[in-house]
Amino acid sequence: MILNLYQVDAFASKVFEGNPAAVCLLQEWLSDKILQQIALENNLSETAFFLEQENGFRLRWFTPEAEVDLCGHATLATAHVLFSHLNYEKDEILFHSNSGTLTVRQDGDLLKMNFPASFAKKVEPPKKLIEALGVEPEMVFRDVDYMVILNNEQQVKKVDPNYFMLNDVKTRGVIVTAPGKEVDFVSRFFAPAVGVNEDPVTGSAHTMLAPYWSERLGKKDLTARQISKRGGNVFCTLKGERVEISGKAKTYLVGQIEI
């Protein structure tokens, strides 16, 4: 079987920045085992698989180790493939996922994703989390991920986690965030539990980040930068119970795989 495969740098204005994702168009669903093997072979933080269905597309995401219920950058990458390579002509794409219905629309060179907002609750963090990060946070919040609030951008840059210890913390991932110097807020995202020590740019993390910073800063429209080694810019708008997460994307590779 021959499948078309695209590699896209999401939340990037040029190649070699942002977060790379593989995007694979299917003619029919393959077994979960094969999907997981393809994701492992790609060895990127996420591989998106999608299949056209009535009223949109079914979309699933796999890290090299596991399927996840929501992935922002691979959703952005999939929309980019549809708009830029597969001649998708409607203004808006409807994706059906394990996290419900997601929409992506094109606005100039920006792709705007509409995701459910995550209103995290303040918690007392486990001791192992703080030890693994080696920081003293202002506050810690919890939903699907932990969100650790630091004082400033420099502290976020300096975080050097003990991934072995962090892997023992019961969570999908850990967000570290602080006010930004040139943007409203900066962040980093660590997820060794799903095979990604540090994710370059994490769209789904901004479903937690945007509501928090919107309330703290008193504004609905937010500019953000994930300050990983590759880095990437994210634009967020809080819309009630939803978050619009926007970014650019660039194609790095178009090819085929044979299985």
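**Exercise 1.** Determine whether Ile34 is buried, partly exposed or exposed.

*Solution.* Step 1: The relative accessible area of Ile34 is 31%. Step 2: Buried means under 20%, exposed over 50%, and partly exposed in between (1.4 Å probe, protein chains only). Ile34 is therefore partly exposed. Step 3: Ile34 is found in helix H1, residues 32–42.

The model is predicted: local features need pLDDT of at least 70, side-chain atom pairs count only at pLDDT 80 or more, and totals for chains, interfaces and linings use all residues. Residues are numbered from 1 along each chain as its sequence is written, and side-chain values use heavy atoms, without hydrogens and water.

**Exercise 2.** State how many cavities of 30 Å³ or more the structure holds, and describe the largest cavity.

*Solution.* Step 1: There are two such cavities; a cavity is a set of points on a 1 Å grid over the protein atoms alone where a 1.4 Å probe fits but cannot get out, and lining residues have an atom within 4 Å of a point. Step 3: Its lining has 18 residues, of which Glu46, Arg172, Phe189, Asp199 and Thr202 are the closest to the centre.

**Exercise 3.** Identify the residues that line the second largest cavity.

*Solution.* Step 1: This cavity holds about 40 Å³ of space. Step 2: Its lining consists of Leu166, Val169, Thr171, Arg172, Gly173, Val174, Phe190, Ala191, Pro192 and Ala193.

Methods
On a 1 Å grid over the protein atoms alone, a cavity is a set of points where a 1.4 Å probe fits but cannot get out, and a pocket is an open set with protein on both sides within 12 Å along at least five of seven lines; lining residues have an atom within 4 Å of a point. Grid points are joined across faces, edges and corners, and a volume is the space filled by probe spheres set on the points. Helices (H or I, at least four residues) and strands (E, at least two) are DSSP runs, numbered from the N terminus.
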